[in-house]
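Please look over the sequence and the fold before reading on.

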Amino acid sequence: MKTNKFLRICIIVLLVVINVGCDQVSKSIVRKNIDAYEHIELIDDNLILTKVENTGAFLSAGGTLPEPIRNVLLSLVPALVLAGALSYAFFNQSLKTSALIGLCFIIGGGIGNVFDRIKYGSVTDFLHIQLGWFETGIFNMADVSIMIGFGLLLLQYFRKSEIPQEN
């Protein structure tokens, strides 16, 4: 992404804030309006709202660890990684636009989940998709941001690997 540095930083901050904001607004609505484990069908039995508080990471991994270890592994370490990723986004001028956007989505989603862990001691998850044989765990909008971000990074990687190398 080739723009002046100030505009680039503003775009990065805006993308991260939009991702964090969408995540936090959706979680706030769910926390206020949906009871724990309540089952609300949005699209037949395919998209379901079910509020759970996840003390672990992806699919509750690490949720049973002792609290001090869990805090370090699921809050402090990710916060440091996110700070490093944000610095990388700010200072690596050679990032392609799609890679930069993907990185901003990952950072925004990560911040949303780390914020929950620090403020509430758990992450509010509430979306569940079930389409025939395909079924997800329960997730939130931060997880959607992270997955979209990884998708954009993968797309950029595969597009880059398709460019023929000069001899």
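Accessible areas here come from the Shrake-Rupley method with a 1.4 Å probe, and for residues only the protein chains shown count as cover. On that basis the chain exposes about 10,400 Å², of which carbon and sulfur atoms supply 69%. The model is predicted: local features need pLDDT of at least 70, side-chain atom pairs count only at pLDDT 80 or more, and totals for chains, interfaces and linings use all residues. Residues are numbered from 1 along each chain as its sequence is written, and side-chain values use heavy atoms, with hydrogens and water left out.

Helices (H or I, at least four residues) and strands (E, at least two) are DSSP runs numbered from the N terminus. The chain has 4 helices and 4 strands, and along the sequence they follow the pattern α-β-β-α-α-β-β-α. With contact meaning heavy atoms within 4.5 Å, 64% of the contacts between residues at least 6 apart in sequence join residues at least 24 apart.

Of the 167 residues in the chain, 37% are buried; buried means under 20% relative accessible area, exposed over 50%, and partly exposed in between (1.4 Å probe, protein chains only). In soluble globular proteins, nonpolar side chains tend to be buried together. A nonpolar core is taken as a set of buried Ala, Val, Leu, Ile, Met, Phe, Trp, Tyr and Cys residues joined through side-chain atoms within 4.5 Å.

Which residues have the most contacts inside the largest nonpolar core? They are Ile 12, Leu 100, Leu 103, Cys 104 and Ile 107, in a core of 16 residues. H1, helix H2 (67-91) and helix H3 (97-120) each supply at least two residues of this core, and H3 gives the most, with 7 residues. Beyond its neighbours within four places in sequence, Ile 107 contacts Val 16, Leu 82, Ala 85 and Leu 86. A second, separate core has 6 residues, including Ile 34, Leu 49, Phe 126 and Leu 127.

Ile 48 sits in strand S2 (residues 47-54). Ile 48 counts as buried because its relative accessibility is 1%. Neighbours within four places in sequence aside, Ile 48 is in contact with His 39, Ile 40, Phe 126, Leu 127, His 128 and Gln 130. The C-alpha atoms of Ile 48 and Gln 130 are 8.0 Å from each other, with the two residues 82 apart along the chain.

Arg 31 belongs to helix H1 (residues 5-33). Not counting residues up to four places away in sequence, Arg 31 touches Lys 51, Asp 116, Tyr 120 and Thr 124.
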